[in-house]
Amino acid sequence: MTASQASPARDRLRIAIQKSGRLAEPARSLLAACGLSWRQSRDKLFCYGESLPVDLLLVRDDDIPGLIADGVCDLGIVGRNELDEQAAERRRNGMPDAYQSLRGLGFGQCRLMLAVPEEWEWRGVEQLAGLRIATSYPAILADWLERQGVDAQVVELSGSVEIAPRLGTADLICDLVSSGATLAANQLKPVETLLESEAVLAGAVREPNDMRAGLLAMLLKRVDGVLHQRDSKLLMFRAAGEQQVDALRRLLPDADPIERLPDDGSGALRLQTMCHGAVTWQRLEELERAGAQGLTVLTVERSLA
Ligand code: ATP
Ligand code: ZN
């Protein structure tokens with residue numbers, strides 16, 4: 001019997017998020033945008049959900065996949081890098097999959113990359129044969145090396161990976177990169193990407209079959225609403241006739257189909273559409289040139305699609 005089967009029925013959902021660090025604040029604000037609120041206890045491990053039976057557990061990000069695997073938490077917000085690493089490690093140890101990524105959340109973006117000393121001339125992965133690679137992601141790296149068919153040595157380090165080449169404990173590194181500033185400060189340059197990462201909403205492979213199932217479905221729908229809405233703007237405008245509508249449609253490839261609003265007797269068509277890309281001044285001016293009049297842009301607070 002697996003831990004998740006053994007976990008007792010519960011009527012409250014538990015979500016693990018990072019206590020402090022890069023994902024802590026965006027994770028909280030995403031959940032708050034989903035209508036969740038908690039009895040304030042910022043410095044504590046457990047936050048009791050007030051608006052809904054959804055509680056928060058504040059932990060180290062490394063602990064999140066394990067908490068889901070053990071059935072202690074139903075959901076977690078964690079970097080894909082961390083989730084994939086622990087999943088890869090389980091697989092390498094012959095353990096069954098325990099968690100899955102349910103949604104990409106669009107924050108915490110970074111890449112897991114190989115980086116070599118700046119003075120190296122990079123000729124490709126074959127060059128790695130026999131070299132030592134320092135990383136905090138040994139399972140992802142080992143899988144990747146196997147797929148590449150290259151025999152290199154994985155040196156597992158829990159922190160300060162970027163100084164390993166200077167210390168002589170490794171020849172190159174495999175680490176998370178966002179701006180690249182840390183690599184440059186350590187005279188390293190990125191050469192290969194192993195994984196494109198972002199924060200994900202992770203859940204158990206086995207879905208709960210008690211009260212939590214309904215809560216989980218509702219929360220996922222709200223998360224989708226928030227993600228979808230984040231960059232959405234309602235665009236309202238008028239146009240003289242069908243010809244203009246066709247031209248405007250071509251300028252709005254990232255928008256929903258243009259909707260007609262009831263005629264107001266002005267002779268012009270009253271139109272609106274939900275646009276999912278950036279609506280810049282430049283874009284509005286282009287739409288105006290193509291025949292849109294009285295353009296109004298409204299931000300969307302929330303919607304149930
Ligand atoms: P904890 O105390 O929770 O273990 P941590 O030091 O492991 O914290 P952070 O540095 O806050 O964690 O990073 C959390 C996550 O943020 C990473 O796992 C990764 O998904 C994401 N991230 C985004 N950009 C970067 C970056 N430049 N370096 C490291 N992580 C990044
Ligand atoms: Zn961590």
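1. Throughout this note, a residue is called buried when its relative accessible area is under 20%, exposed when it is over 50%, and partly exposed in between, with a 1.4 Å probe and protein chains only. Asp62, at 30% relative accessibility, is therefore classed as partly exposed. The model is a predicted one, in which local features need pLDDT of at least 70 and side-chain atom pairs count only at pLDDT 80 or more, while totals for chains, interfaces and linings use all residues. Residues are numbered from 1 along each chain as its sequence is written, chains are lettered from A and ligands numbered from 1 in the order in which they are written, and side-chain values use heavy atoms, with hydrogens and water left out.

2. Side chains of opposite charge can pair when their charged atoms come close. With a salt bridge taken as a side-chain nitrogen of Lys or Arg within 4 Å of a carboxyl oxygen of Asp or Glu, the count comes to 17 salt bridges. One of them joins Asp62 to Arg60, with the closest N and O atoms 3.3 Å apart; Arg60, at 57% relative accessibility, counts as exposed.

3. Asp171 lies in the loop between helix H6 (164-167) and strand E9 (172-177) and Arg132 in strand E7 (residues 132-135), so the pair ties together parts that are 39 residues apart in sequence. Helices (H or I, at least four residues) and strands (E, at least two) are DSSP runs, numbered from the N terminus. Arg132 is partly exposed, with a relative accessible area of 26%.

4. Asp264 forms a salt bridge with Arg270, and here the closest N and O atoms are 3.9 Å apart. Salt bridges that share partners also join Arg10, Asp74, Asp210 and Arg212 into one network. As for the Asp264 pair, Asp264 is partly exposed at a relative accessible area of 45%, and Arg270 is partly exposed at 27%.

5. How many disulfides does the model contain? With a disulfide defined as a pair of cysteine sulfur atoms within 2.5 Å, the count comes to zero. Cys73 is in no disulfide, the nearest cysteine sulfur being that of Cys47 at 12 Å, and Cys174 is likewise in no disulfide, the nearest cysteine sulfur being that of Cys110 at 11 Å. Cys73 is buried, with a relative accessible area of 2%, and Cys174 is buried, with a relative accessible area of 0%.

6. Two backbone values deserve a look. Ser160, although not a glycine, has a positive phi of about 50°; Ser160 lies in the loop between strand E8 (153-156) and H6 and is partly exposed at 48% relative accessibility. Gln187, also a residue other than glycine, has a positive phi near 55°; Gln187 lies in the loop between helix H7 (181-185) and strand E10 (188-197) and is partly exposed, with a relative accessible area of 40%.

7. Sequence separation and spatial distance can be set side by side for two pairs. His228, found in helix H8 (residues 212-230), is 74 residues from Arg302 in sequence and 9.3 Å from Arg302 in space, C-alpha to C-alpha. Val116, which lies in strand E6 (residues 110-117) and is buried at 0% relative accessibility, is 180 residues from Thr296 in sequence and 51 Å from Thr296 in space, C-alpha to C-alpha.
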